[in-house]
Amino acid sequence: MEPSWKALLPFLVVIPISIWTKQVIPGLFVGLLVGSYLLTPSLLGGLRTMLHYVVDNLMQTNNIRIIMFLYVFAGLVSMIKYTGGIKGFVHLVSKKVKSAKAAMLLTWISTMVTFSDPDFRIVTVAPIMKALRKRLGLSSQQIGFAIEVTSNPVVALIPIATAFVGYMVSVIDKALDTAGIGAEPYIVYVRSIPFNFFSYAIIAVGLYYSFFVYSRKKQAEVSKERGMKPIQRWNERLALEMAEEQRPADHPPNEAQGEEGDAMQTCPRAYQKETPVRPWNLIVPLSIVLVLTLFLSWWDGHRGARTFWEAFLQSDALGAMLEALLFTVMITVAFFLWQRFRLTDLLTHFVKGGNELMSVILMLALIWALSAVAEDLGFSQYITGHVKEWIPPFFVAPILFLLGAVISYFIGSSWGTWGMLMPLGVTLASQAGTNILPVIGAVFASGTFGAFASPLSDNTVTLCTILDLPVMEYARTKLIPSLIAAGIAAVLFGATSFLLH
C-alpha cells in the first residue's frame, strides 16, 4: 500500500480512546479495526483482516514463548500464595523489626527478594509494614511511598527473572521489526536500561523522601485514619474490580495475630482463608528460578563467548528464562506435594493465577497485530518521508518521554504505554539518525512514571487498599516527587540525545 498520512491513523486512534476509556485494550482494538479496514475496505474484509493479523502474530514462536512465560510465572506466584509462602514471609520478617529506621530499611532491602513483580512485592511487604506502623510510629503515606518507589521503578531495571522482561523484550522486538533494524531485542533491552532515567531519579528522590522528608513530619495519621471507613470501602471495591481473586466476606481476622492479622485480611490478592504460615514456600521457588535463570542464560551462550559476561549477551535470554521457570514449577510442585498439599488444589491455583493475566495476554495480541497492520499500511515509509522532519533528532527522546508520561498518567498502565509508543519511538529515532537506546529508555521511563504516579495504576489501588489510604489523596502526595523526578529525567534525555547523536 502506498504510504500516506492514513498510516498514522491506527496509532492516532489508540491514544485518545485509551485516555477517554482509561483502558488500553479498547483503544488498541479500535486502532487495529481502523487499520484493518484501511487495508481491506469492505464490510467483512476488514474484520477478516483483523482476525488474520491477530492469529498470525499469536502463532509466531517468540510471541508464544512470551505468553507461556507470563502465564506460567503468574501460576507459580498463585501456588506460592496458596501454600502460605507470602504469609509465612510476612510473619518471619515482622518479628525481626524493632524500630522505625529498621522498618524503612527493611522496606528497601526487601526489594532483593520481592523484585519479580510490582504487585507481588506490594502484597508481600505492605501487610508487614501495616502491622508494624502504629507500634513503630510510621505513617501510612511514608510506608506506601517507600514500597511503591521500590516496586515498578526497580522491576523495570532488572533484566532477569521478572514478570516484565518478556513483555519489554517483546515490544522492542516488534519495534525493531517495524523500523527494519536487525538487532537482538534482549541485548538492545539490556543496553537501554541505563537510559531509564525516571526510574533512577525517582529512586533517588524516594530515598530522600523516605529517610529525610517524611521522618521530620509528626506522625499524626492514626486519628485521621479513624474517619476513613467510607474511603476504605471505596478503595476495596476498586481493588476487587482489578483483582480476579477476591477475599471471602466471612474471613475473620486471626485473633492470635492481633493487628498483623488484621493487616493481612485487607490484602485480597495475597491471602486466603486457612492459609498456612510457611516462608520457605516463597524463598525456595524464588531462589530456584533466579539461580536457574542465571545458569541457563550463561550455559546457552558460553560456547561462543570469550568472557563470562559475553555469554549472557549471546544467550537466548527469553528461552533460558522460560526453561528456568518450567524447571522451577516442576521442582516447586514436587516440593509442595512433599508437604502434603493436594495436586488438584495446586493445579487449580496455578490455572487461576495464569488466568489473571489473560487481559495482559489479550493486550499483547492486539499490540502485535496493530504493529503489523501499521507496517503494512506504510508506517515506516511515511515516517521516513514526513514525520521525522517535524521533530529534531535532539528532541525525539525527551518529547517521547513527556508524551508517554501524560498518556501513562491518564491510563495508569506502563505496559500499555510501552506497547503504544515503542514502535513510533524506535522508527522516529532510526529515521532521524539518532541513537535508539535513549529513545527506548524514554519510552520505558514514561510508562514507569504513570505506573508510579497515576491514581489509576493497579499498583497504587492495591497498595491503598492494604494500607487504608484514600487513593486520590495519596496520589496527590506522590505527584510533587514524581514531577521532580520527571523533570530531572527530561533534562537528562535532552542532554543524552545531544551527546550521543
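## Before we start

This is a predicted model, where local features need pLDDT of at least 70 and side-chain atom pairs count only at pLDDT 80 or more, while totals for chains, interfaces and linings use all residues. Residues are numbered from 1 along each chain as its sequence is written, and side-chain values use heavy atoms, with hydrogens and water left out.

## The chain as a whole

You'll find 26 helices and zero strands in the chain. Helices (H or I, at least four residues) and strands (E, at least two) are DSSP runs, numbered from the N terminus.

Of the 501 residues, 59% are buried. Here, buried means under 20% relative accessible area, exposed means over 50%, and partly exposed is in between (1.4 Å probe, protein chains only). Take the contacts between residues at least 6 apart in sequence: 80% of them join residues at least 24 apart. A contact means heavy atoms within 4.5 Å.

## A buried pair

Rings of Phe, Tyr and Trp (its six-membered ring) pair if their centres lie within 6.5 Å; planes under 30 degrees apart are stacked, over 60 edge-to-face, and the rest tilted. That rule gives 19 aromatic pairs. In one of them, the planes of phenylalanine 145 and phenylalanine 452 stand at 75 degrees with the ring centres 5.8 Å apart, so this pair is edge-to-face. The two sit 307 residues apart and link distant parts of the chain: phenylalanine 145 is in helix α8 (residues 140-149) and phenylalanine 452 in helix α24 (residues 436-453).

Both phenylalanine 145 and phenylalanine 452 are buried. Phenylalanine 452 also has lysine 478 over its face, 5.0 Å from the ring centre. For a charge to sit over a ring, NZ of Lys or CZ of Arg must be within 6 Å of the ring centre and within 35 degrees of the ring normal.

## Around the end of α18

Now for a stacked pair: phenylalanine 335 and tryptophan 338 are 6.3 Å apart centre to centre, with 15 degrees between the planes. Both lie in helix α18 (residues 317-338), three residues apart, or about one turn of the helix. Phenylalanine 335 is partly exposed at 23% relative accessibility, and tryptophan 338 is exposed at 68%.

Arginine 340 is in the loop between α18 and α19 (343-355). This arginine isn't a glycine, yet arginine 340 has a positive phi of about 75 degrees. Arginine 340 is exposed, at 76% relative accessibility.
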